[in-house]
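Welcome! Take a moment to look over the sequence and the 3D view, then follow the short tour below.

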Amino acid sequence: MSRHAPTTRAELMSRDVAPLPTNAPAQPFPEAARISLADVQLRRNMGKVTTTIRAKRAKAVAEMPDWEALREAGRAIKDRTLRHLDHYLIQLEQAVTRAGGKVHWAADAAEANRIIAGLVQSHQTKEVVKIKSLTTDELGLNEALREIGVEAFETDLAELIIQLAGERSSHILVPAIHKNRAEIRALFRRRLADTENLTDEPKALAAAARAHLRKKFLSAKVAISGANFGVAETGSICIVESEGNGRMCLTLPRVLISVMGIEKVIPSWRDLEVYLQLLPRSSTAERMNPYTSIWTGASAPGDGPEEFHLVLLDNGRTKVLADSFGRQALQCIRCSACLNVCPVYERTGGHAYNSVYPGPIGAILTPQLVGVHNAGSLPYASSLCGACYDACPVKINIPQVLVHLRGKVVEHKRESLSGRLAPEALAMKTLGKVFTSPKRFERFQKLGRLGQRLKIHNGMIESLPGQLGGWTAVRDVYPVAPETFREWWLRRSESKTSPNREGQS
Amino acid sequence: MSANSAREAVFGKIRSALKDVPKSEQPDDVAVDRSYLTASDESRPELIRQFIERVEEYRAKVRTTSPDDLPRVIAESCADNGIRSLVVPADLPDGWAPTDLTLLREPGLSIDQLEQAGGALTACAVGIAQTGTVVLDAGPGQGRRAITLLPDHHLCVIFEDQIVGLVPEAIARLHDAASRPDRPITFISGPSATSDIELNRVEGVHGPRRLEVIVVASSA
């Protein structure tokens with residue numbers, strides 16, 4: 001854990017920074033964003049990939065005549081699930097148990113890590129293989145396992161890249177999106193065996209990863225995964241992937257531990273028909289991702305793990321559930337479409353959010369998971385343009401939830417002493433006084449007109465003095481007009497009463 | 001916290017978080033509008049054409065044949081791909097297995113044997129035209145999951161009447177397998193791939209680097 005806030009790009013990307021959700025407040029978004037924006041290579045990489053994926057997604061979606069109906073169904077099924085979450089979790093637990101799986105419950109990250117560490121230790125192994133999972137990132141699971149002497153090998157290519165680089169993820173779907181092929185080649189040559197002649201062709205880089213991980217797949221006793229969906233009706237767990245590393249982990253080791261946020265349950269088998277259409281087109285912009293694995297309980301002998309553990313995780317999710325408006329953030333199926341269309345994310349990249357969940361969805365999910373006092377800057381990391389809402393396959397109204405959370409941030413500040421004494425609050429208080437009295441308001445305008453003369457550039461005021469400076473830190477303001485509406489009105493009614501005006505009418 | 005108390009704590013928090021939901025509301029009271037398409041209205045020939053086209057768009061190879069000619073096409077495919085040892089499930093339909101190569105028949109093949117095999121030959125459960133997907137569900141002629149994962153080449157046979165139009169039609173067909181631990185389901189859409197490097201699609205990471213699908217015409 002870092003002791004000071006990151007000041008360089010390398011520090012910002014580093015795994016030494018524990019991303020939210022944690023119990024400590026994160027570096028404010030504007031500060032972190034400034035560091036990212038200064039990295040020209042990053043901005044070039046991000047601009048290129050987000051443009052590419054946006055065009056691809058638009059094409060994949062345009063092909064579907066019933067896309068809007070699917071989105072609506074995707075939203076409604078999740079709404080039904082969340083409003084009756086206890087009902088469906090009991091059903092899921094029963095179905096998984098019936099099928100020979102073991103269900104564990106974890107109220108927070110520490111408890112989940114303890115459960116998983118205990119399971120791994122009971123199998124006397126020093127190595128586990130992992131399928132990419134945001135939920136385990138949220139737990140800091142790899143770090144927790146290292147403390148008990150167990151090494152977790154990330155097997156997704158992008159996860160492997162950032163693990164080797166000692167960096168954090170910057171995107172939900174493609175965690176190493178901030179790195180280009182030349183950077184990856186240099187990293188592999190430094191960290192992987194037999195890579196002296198490695199080129200920067202993506203094909204060659206993928207082959208190097210295949211060779212590196214093959215032995216791990218074949219020897220690992222325990223695999224750890226997340227879960228895209230858990231079907232309450234049948235107890236089936238579903239994992240959606242591309243590379244086949246998921247299939248390797250789900251098929252070869254003797255023990256499988258899957259960690260699933262409680263909101264990932266869906267009611268019926270049939271509901272998968274909606275999400276298996278929405279997810280691939282929204283995330284990788286494909287008609288279907290290469291591999292989707294679905295299994296129910298412990299596998300039959302010889303066909304996969306004979307021991308299956310499902311760890312159901314709260315870790316703040318019930319806090320999100322308690323806000324009947326903000327709750328919709330739990331509908332998220334982690335497709336990352338909102339990241340790719342976001343004008344803010346496109347420029348800053350994922351690290352600036354300091355959160356396991358970056359981008360627009362992170363800006364509404366993270367502050368709710370950890371409380372606005374720990375992530376108060378994230379609801380402001382948006383221009384409220386609404387592109388994320390249009391792209392969301394389950395119709396999460398991200399802009400509205402952002403505004404709702406901004407309200408909560410202000411409320412929280414109002415309740416604390418430091419918040420009440422903050423420059424912004426004092427300035428608002430002063431303005432409040434000014435606006436309640438017409439006399440004061442007029443005097444203030446006249447004063448402003450005198451004071452602003454030297455401050456106007458290109459017709460705008462770019463910085464206000466003193467406590468008002470907070471307002472202009474991120475925006476310009478119009479100067480007070482040479483004649484205000486009230487002054488004009490007064491002049492007009494005075495001249496109306498004059499004789500020559502009367503004569504005209 | 002003991003295992004049981006963690007469970008109770010989570011349920012306690014869920015119930016207090018959902019105070020706004022009326023006690024009388026049942027799960028099915030929350031309406032789900034399923035006005036999306038659940039069946040394709042395309043003709044059979046058009047569906048089969050679309051299935052082939054979309055499987056090929058993933059850079060998988062497709063061959064078409066008749067039931068009588070299937071054994072010859074399987075042998076031809078193995079020869080074209082230089083496959084000298086072929087993994088087959090224990091219940092591979094009679095007559096499918098080529099004779100001029102080493103046949104590795106399940107059950108009981110070791111991981112090493114699977115790793116070193118030139119390819120694997122299986123049937124499948126259902127195909128989806130809309131997405132160019134074949135689905136395996138450990139049903140007849142499909143074997144366990146590892147045999148279509150470790151060999152570098154997967155040769156999959158599908159009969160025309162196994163091809164459906166849309167994803168919902170396939171999900172309906174898979175319902176029975178879904179509730180059984182001995183019937184894991186795998187959707188396969190093209191060969192193993194990644195888009196992790198600059199979003200370029202690269203075929204062949206950890207799964208089979210080549211997928212070939214043989215579409216067998218329904219016997220007229």
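Which residues of α3(A) are buried? They are A:Leu42, A:Asn45, A:Met46, A:Val49, A:Thr50, A:Ile53 and A:Arg57. Please keep in mind that this is a predicted model.

**Helix α3 of chain A**

- Helix α3 of chain A covers residues 40-62, and at 1.5 Å a residue its 23 residues should span 33 Å. The C-alpha atoms at its ends are 33 Å apart, which agrees with that expectation.
- An α-helix has 3.6 residues a turn, so residues three or four places apart point the same way.

**Domains of chain A**

- Chain A is divided into domain 1 (9-32 + 323-409), domain 2 (36-318) and domain 3 (441-504).
- Between the C-alpha centres of domain 1 and domain 2 of chain A there are 20 Å. Their contact takes 36 residues from domain 1 of chain A and 38 residues from domain 2 of chain A.
- On the domain 1 side of this contact in chain A, the elements giving two or more residues are α1 (9-13), α15, α16 and α17 (359-370). Of these, α15(A) gives the most, with four residues.
- By class, that side of domain 1 of chain A has 21 nonpolar, eight polar and seven charged residues.

**Where chains A and B meet**

- In all, 80 residues of chain A are in contact with 64 residues of chain B. Helix α4 (residues 67-83) of chain A supplies the largest share of the chain A side, nine residues.
- The chain A side that touches chain B has 39 nonpolar, 24 polar and 17 charged residues.
- The chains also share strand pairing: β9 (residues 291-296) of chain A and β9 (residues 185-188) of chain B pair in the antiparallel sense over four bridges. Here A:Tyr291 has B:Ile188 as its bridge partner.

**A closer look at B:Glu106**

- You will find B:Glu106 in the loop between β3 (102-105) and α4 (111-116) of chain B.
- Is B:Glu106 buried or partly exposed? B:Glu106 is partly exposed, because 19 other C-beta atoms lie within 10 Å, while a buried residue needs 20 or more.
- Setting aside neighbours within four places in sequence, B:Glu106 is in contact with B:Val88, B:Pro89, B:Ala90, B:Gly143 and B:Ile147.

Notes: Residues are numbered from 1 along each chain as its sequence is written. Chains are lettered from A and ligands numbered from 1 in the order in which they are written. This is a predicted model: local features need pLDDT of at least 70, side-chain atom pairs count only at pLDDT 80 or more; totals for chains, interfaces and linings use all residues. The expected span of a helix is 1.5 Å times one less than its number of residues. A residue is buried if 20 or more other C-beta atoms lie within 10 Å of its own, exposed if 12 or fewer, and partly exposed in between; C-beta atoms are placed from the backbone. Two residues are in contact if their C-beta atoms, placed from the backbone, lie within 7 Å. Ala, Val, Leu, Ile, Met, Phe, Trp, Tyr, Cys and Pro count as nonpolar, Asp, Glu, Lys and Arg as charged, and the others, Gly among them, as polar. Two strands pair if DSSP finds at least two bridges between them. Domain bounds come from an automatic or database domain assignment.
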